[in-house]
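Please look over the sequence and the model, then read the points below.

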Amino acid sequence: EMRHFVLMMDMSGDGFIDASEFEAGFKQSRNMHRAVRGADPTASSGTADVMGMEDVVGRIKQHLQKERIPVSQLFKQFDTDRSGSLESKELKKLFKAMIPGLQTDELRYLLATVDGTLDVNGNGSVSVRELEQALNVFG
């Protein structure tokens, strides 16, 4: 569970959480939680909409159709370290590319929900197969 905490809080992607990231992340996560639960529908970026993983996967699917490229090609574009899986830094870039204007609090929320949605096996990263599965389930 600590891995997910670091994913949500480490917005610089350096693998560490400094005091400013912790404070901002805590406040934004609390606001996002309120927005998701309906207690405060304007807590997320001033709108009642909360970006969810289904939205991200839908945007990825639209992008693939528009560009007429296979999942593997998009995956390789964001797998910058060529590890065969997308880690938090790469997922952040993918989410931002698919959703222009994505707010930091929304990004934190999405990273917190990767486990169990995109990261099916719970290893902390997303393989091309897991991404393909998500496209079949959500898209």
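**Overview**

Of the 139 residues in the protein chain, 38% are buried. The model is predicted. Its secondary structure comes to seven helices and two strands.

**Fold and surface**

- From the N terminus on, the order of elements in the protein chain is α-α-α-α-β-α-α-β-α.
- When contacts between residues at least 6 apart in sequence are considered, 52% join residues at least 24 apart.
- The protein chain exposes about 7900 Å², and carbon and sulfur atoms supply 50% of that area.

**Nonpolar core**

- The largest nonpolar core has 26 residues, and those touching the most other members are Met53, Ile60, Leu74, Leu94, Phe95, Leu118 and Leu131.
- At least two residues of this core come from each of helix H3 (53-67), helix H4 (71-78), helix H5 (88-98), helix H6 (104-112) and helix H7 (128-138).
- H3 gives the most to this core, namely five residues.
- Leaving out residues up to four places away in sequence, Met53 touches Phe95, Leu110, Thr113, Val114, Thr117 and Leu118.

**Two arginines with positive phi**

- Arg68 is not a glycine, yet its phi is positive, at about 55°.
- Arg68 is found in the loop between H3 and H4, and it counts as exposed because its relative accessibility is 76%, where exposed means over 50%.
- Arg82, also not a glycine, has a positive phi of about 55°.
- Arg82 lies in the loop between H4 and strand S1 (85-86); with 58% relative accessibility, Arg82 counts as exposed.

Definitions and conventions. Residues are numbered from 1 along each chain as its sequence is written. This is a predicted model: local features need pLDDT of at least 70, side-chain atom pairs count only at pLDDT 80 or more; totals for chains, interfaces and linings use all residues. Side-chain values use heavy atoms; hydrogens and water are left out. A nonpolar core is a set of buried Ala, Val, Leu, Ile, Met, Phe, Trp, Tyr and Cys residues joined through side-chain atoms within 4.5 Å. Buried means under 20% relative accessible area, exposed over 50%, partly exposed in between (1.4 Å probe, protein chains only). Helices (H or I, at least four residues) and strands (E, at least two) are DSSP runs, numbered from the N terminus. Contact means heavy atoms within 4.5 Å. Accessible areas come from the Shrake-Rupley method with a 1.4 Å probe; for residues, only the protein chains shown count as cover.
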